[in-house]
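Q: Please take a close look at the aromatic pairs in this structure. Which rings pair up, how are they arranged, and where do they sit in the chain?

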Amino acid sequence: MRTLLTLWAACMLVLTASAVAGSVPVYVMLPLDVVNNQGNLTDANKLQGELQTLRSGGVDGIMVDCYWGLVEESRGEFNWWPYLEIARIASNEGLTMVPILSYHRCGGNVGDKCDIPLPQYVRDTASSNPDIWYTDASGNRDEEYIGLGVDHEPVFPGSQTAIDLYTNVASSFATAFSDFMRNGTIPAVAVSLGPAGELRYPSYQLDKWSFPGIGAFQCYDKYMMAMLGTAATKAGKSEWSQPPTNAGSYNSNPSNAPFFQDGQQNNYASDYGKFFLSWYSNALIQHGSDVLRAVRTALHGSGGNSAPAMLTKVAGVHWWYKTNSHPAEATAGYYNTNGANAYQNIANMLAKQGDTEFSFTCMEMRDSEQSSSAACGPEELVAQTMAAAMSANVPYGGENALPRYDTTAYSRIEDVARAAENQYGRDLAGFYYLRLGDELMQKDADFFSFVNTMSNL
């Protein structure tokens, strides 16, 4: 009971406090199309000028998606040149760079300006075996990220598994960027663990979903269904080998999805519901662990003692947070009800990886800005994830979920940073600002004031 009360208190803390000594590095995410579909820098001269401006304003570094679909031009042949050029420019301007090993497709998410699919040989594999993709109850396949069901299945050319493919990319990256890792230009590498680079299922993709739908479970490919069946048999409940049939669909509300309603048969709080939600979430966390371990090994293989830290993005699924069942989180893979703490489980996994940051989205959001009809709780969600990371002694950082250029958003992020220092005695590991572009350059005075505040909390 004491643990539950402590968690409740931590989640309800108001993230405001007086200024204290501290410093939070600010990184700016580069445009998604900074490298075009042909694998070339879109405008190197413009980029260099913008990075000079960022550095003059006190920004610490940049973050850039390195898309697998561009880098592996053909199976086993990698071209990192445009990203190496970005690292060179950043280094020359006195900026660090956090590359994202973007194992996901670009296109289809909020703000996506490009369409970069996964490598052709992956898509060729899917043409004869579409179960490599996450799949919903209607049989819709999501091609943004390879499903975790084939993490250890030798279904790709050369009898390789998905983990093998991720390792190949990381090993090539480590070789290509070894000098930048050694000289400190690259202090950390973010690892894509799902759609939009986040550790989650594709439960709320924009081609099927609109806010504030609860999303849909994504475990209907043959591999995950087999995993579920095995787990049900092991639990002595073979009848639990199917996902819930009463969980609504992408745009349902909890009120018309019996699985997420209190007092319903076979709902989220039933023995079956607890089993399924735990299995679904644990499979995702195991996927994250397996990928991070493989990438860590690859980075150390080439980087030695200079191997950088790693960073994992966790999605800010804040709608329906203030309901008992937390349905939108549940379909995304975050089991955060029935006394379970999804974010503590993720933080504990990251702690076992060593030197891996918990990077959380929606740090700019206030409850008062959200729809009350969707029971949104971004402030409480940030507090819960911060508490989880701090409890596990994991570095905690974050980003804004949506483009914001206003002082209201900046002030909210500053409050979060102060709370980390005041409540836990630790600075945020970093803030990753979304995103560089003409609008930011036109409103740079407010942004640079924010950067200055973050460096002098």
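A: The model is a predicted one. A search of the whole structure gives 38 aromatic pairs, and two of them are described here.

In the pair of W209 and W319, the ring centres are 5.4 Å apart and the planes stand at 35°, so the pair is tilted. W209 belongs to the loop between β8 (188-191) and α8 (222-234), while W319 belongs to the loop between β9 (309-314) and α10 (327-332), so the pair ties together parts 110 residues apart in sequence. Both W209 and W319 are buried.

The rings of F217 and F276 have centres 5.0 Å apart and planes at 85°, so this pair is edge-to-face. F217 is in the loop between β8 and α8 and F276 is in helix α9, 59 residues apart, and the pair links these distant parts of the chain. F217 has 5% relative accessibility and counts as buried; F276, at 0%, also counts as buried, because the cut-off for buried is under 20%.

F217 and F276 are also members of one aromatic cluster, which includes Y134, Y201, W240, F259 and F260 as well as Y272, F275, W279 and Y280.

Note on methods:
Residues are numbered from 1 along each chain as its sequence is written. This is a predicted model: local features need pLDDT of at least 70, side-chain atom pairs count only at pLDDT 80 or more; totals for chains, interfaces and linings use all residues. Side-chain values use heavy atoms; hydrogens and water are left out. Rings of Phe, Tyr and Trp (its six-membered ring) pair if their centres lie within 6.5 Å; planes under 30 degrees apart count as stacked, over 60 as edge-to-face and the rest as tilted. Helices (H or I, at least four residues) and strands (E, at least two) are DSSP runs, numbered from the N terminus. Buried means under 20% relative accessible area, exposed over 50%, partly exposed in between (1.4 Å probe, protein chains only).
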